[in-house]
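Biologist: Before we discuss any labels, could you show me the model, and then tell me what stands behind each term?

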Amino acid sequence: MSAGQNATHIAAHNRAVVLDVVRRDGPVTRSALTTRTALTAQTVSNIAARLLADGLVRETGAAVRETGAAVRETGAAVRETGAAVRVAGPVAGRRLELAPDGRFAVGVHLDPAQVSVVLLDLAGGLVAEQHLGAADVDDPSSTLDAMAGAVDHLVTSARIDRARVAGIGVAAPGPIERDRAALGAPVQLASWSGVPIAAELAERTGFPVRIEKDVVASALAEWWTARSTEDLVSVYLGHGVGAGIVVGGEVVRGSTGNAGEFGGIPVHAHGGWTELWEACQPLQQVRRGVAAGLLAPVAEDPASVRAAFERLCALPAARPLLAEAGAALGSALVHVVELLDVQRVVVGGSAALAGGATLLDGLHARLFERLGSRRAPAVAFTALGEDVVARGAACAVLLTSAPAGPVVPAVRQVRTGGPARPRDIAHPW
């Protein structure tokens, strides 16, 4: 989160800046907030009062004493030099901390092989989750009905006041439309192209809905749930492959919300030059496993491919394939790491987690080989498990600490500006 500014038209931004500092560093005093956000004491005081009134933060702890060039606090009164403000009473010495139950958000991961729904509190803590199985690639309405049913079940079973649910975030394979209300043309979900997912789900649930790209959501989840605000790359290897990026405390969405596509980077793997997606994507690995006699031929629908890939990963004889996939990811990431100068890489997604240590070791070894020990970033699996994308979708809603948008009537969208790039399971970028 960037430093705050005092222009009236960015009040919402300043509010988010203050809330983010409280969330990461709380309990924290108002004077410390003033220092860390670069906002004036009066602005911080006003924002804190609003956050308290809205139930997003609470006061905790006894009065504190701080000394400094500009601030001196006691339990009875505060005098801030250089600012036209005087705060009296014990509240001046109390610290602010996040109220996790002040807001909740629902996250949905629309993955061809597995639809996941999670409920998070304001701190990003997991309250409840539900997995719905593979998405219906031919009938979006049935999957949307199942999503809505899961949302209602999670909120009801957690006994949460619906007024405290800020909205629903849906993360899906790209491309997504510029207005974040529908998918473009992901061929693995061909019947979903142009379906107004946001409006359809809002109509079914009564909650506002926004859409994020899956890799953008994965990066947002990693950033939101960590105390650190350092730059990072979140590698996602699920049904497809991509990378979400956080730079300067901001998740990189790109001009259309579709940042993160790097599956076309050429890499040397499996005995020759190929593109990254072909070197590590589950379908391609399953085909290699079948060709090598490690697997029997399988259907190539998303759910069958996922199950076959998990069986493949459990075979000792498949380790060379997984190591090559990891090395291919490392080769592609070298360029990303050098371009952005990041020192943290987080790896997630169902296929990456199935590949386990063999895949991760291959990735890390390639980064170390190309960059050396001083420049190679820290690499680790996500601590958020397979639901990292669904969690990131919910975090996209929590980031605004307000409803994501109006509930609008559901109408099928018509694309303008030319056709979307087709994407399919075998060629996902």
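Modeller: What follows is a short exchange on how the terms are applied.

Modeller: This is a predicted model, in which local features need pLDDT of at least 70 and side-chain atom pairs count only at pLDDT 80 or more, while totals for chains, interfaces and linings use all residues. Residues are numbered from 1 along each chain as its sequence is written, and side-chain values use heavy atoms, with hydrogens and water left out.

Biologist: What makes helix 1 parallel or perpendicular to helix 3?

Modeller: Helix 1 and helix 3 (residues 41-53) pack at about 75 degrees, with their axes 10 Å apart. Because angles under 35 degrees count as roughly parallel, over 145 as roughly antiparallel, 65 to 115 as roughly perpendicular and the rest as oblique, helix 1 is roughly perpendicular to helix 3.

Biologist: How do you know that strand 8 is largely enclosed?

Modeller: Eight of the eight residues of strand 8 (residues 114-121) are buried, so the strand is largely enclosed by the rest of the structure. Gln114, Ser116, Val118 and Leu120 point one way and Val115, Val117, Leu119 and Asp121 the other way.

Biologist: What makes strand 7 and strand 8 a pair?

Modeller: Two strands pair if DSSP finds at least two bridges between them; eight bridges join strand 7 (residues 104-111) to strand 8, and the two run antiparallel.

Methods. Axes fitted to C-alpha atoms, helices over the stretch in contact; angles between N-to-C directions. Helix = DSSP H or I, 4+ residues; strand = E, 2+ residues; numbered from the N terminus. Buried < 20%, exposed > 50% of the residue type's maximum accessible area, 1.4 Å probe, protein only.
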